[in-house]
Amino acid sequence: MTSWKPNACENEPRVVRCARTGFWDSELQQHVRECRVCAEAASIARLLNDMRRADDAAARIPDSSLMWRKAQFLATRDASERATQPISFVERFAYAVASVCLIAVCFWQWHAIRSWFAALGGSGIKLGSAWMSDAFAHFATGIDVSKLGTISGSSSVVFLSCGVGLLALCAFVAAYVVRAED
Amino acid sequence: MFKQASLTQTGQLDSAICAAAEAFHMDEQTFRAFYDATGRALWSYLYRASGNAALADDLMQESYYRFLRVRFSEPDPEYMKNYLFRIATNLLRDQWRHTKVDPPAPATDEGSQLAKPGELAPDERSGESDVMRAMQDLKPRERQLLWLAYVEGSSHREIAQLSGLREQSVRGLLFRARAKFAKLLHRRGLAPNEVGR
């Protein structure tokens, strides 16, 4: 009954079935003694089924009611996600549009923003230096901080850079929020 | 306003729960019977094919969830079981694709990578650790094919359907996997030709 092919035998499915169940008939047992392929298949089937039986005895799989409840929970969660999907989409869209608008306004009103920052920078430095002079005078340190006003011309560039950095930070935060929503 | 909002949210949740219940093709009693009949076999398959008990737990949960969402034209238990195993096999394949590799256990590891702490420890079972280590030396695909063929009793055609391979490929791969496993068992002093005598 042994097949002429070295790697196949027509009795192999029967042999595997017998090895799985443990019920052998004498004819098949005789065949297994003579057929190398079937002997190997039977042996491996027996070993693997021993492992399976060990799993059956030792594995602690969840109770069926728990599995059902988990599946219901997952289905509810998925349904909720599907229901809120349009809202999430609109939120993400709004974040993206707001970011784009902010950047567009910055480019569009660049000169106005620059002059505003320059004005803010000059008056800010003057106000700051005055406040610091008062403060240092109060503590009698003798430091002349009014000289700080001399840097007000170059400080507008610093303030401008800070503004651009702030905008970039806003854009980054918006992008992060959009990504976090995903 | 808050009350209105909470009522709206409750309504949404109720409708979501209803949608979830409708999403399943079988009722709880039928599912429980099906689960009791297939749960251990599926877990064992996932565990032995993946070599990871925690992963087997996760994949089993996901398999049953996906299975419950499928609508079968005829409730044939054998077909449904095969379908469940097909889902599990696809999840395993996805897992292997994501992780790219499934590192075999070191030879000195006594097969402990397959076991959860306090559960299924191979050393607690007589003579199984060698078999487990030999299993771990196989590729995941080889473990999967051997398990389906020799434990689940799936035919080559069924394995081909489950794994997405061609039937001829399954035949060749299964033969090579079996030969490799036999060789590994021999190396560990387990003679694979003594059954049925």
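**Exercise 1.** Determine how helix H4 (residues 64-108) of chain A and helix H3 (residues 53-68) of chain B are placed, starting from their axes.

*Solution.* The model is a predicted one, in which local features need pLDDT of at least 70 and side-chain atom pairs count only at pLDDT 80 or more, while totals for chains, interfaces and linings use all residues. Residues are numbered from 1 along each chain as its sequence is written, and chains are lettered from A and ligands numbered from 1 in the order in which they are written.

Step 1: the axes (lines fitted to C-alpha atoms, for helices over the stretch in contact, with angles from 0 to 180 degrees between N-to-C directions) of the two helices (DSSP runs of H or I, at least four residues, numbered from the N terminus) come within 10 Å and cross at roughly 65°.

Step 2: H4(A) is therefore roughly perpendicular to H3(B), a term for angles of 65 to 115 degrees.

Step 3: the contact (C-beta atoms, placed from the backbone, within 7 Å) joins A:Met67, A:Lys70, A:Ala71 and A:Leu74 of H4(A) to B:Gln61, B:Tyr64, B:Tyr65 and B:Leu68 of H3(B).

**Exercise 2.** Which residues of H4(A) and H2(B) meet, and at what angle do their axes cross?

*Solution.* Step 1: the axes of H4(A) and helix H2 (residues 28-50) of chain B come within 9 Å and cross at roughly 120°.

Step 1: A:Ser64, A:Ser65, A:Met67 and A:Trp68 in H4(A) meet B:Glu28, B:Phe31, B:Arg32, B:Tyr35 and B:Asp36 in H2(B).

**Exercise 3.** State how many helices chain B has.

*Solution.* Chain B has eight helices and zero strands (DSSP runs of E, at least two residues).

Methods. Angles under 35 degrees count as roughly parallel, over 145 as roughly antiparallel, 65 to 115 as roughly perpendicular and the rest as oblique. Two residues are in contact if their C-beta atoms, placed from the backbone, lie within 7 Å.
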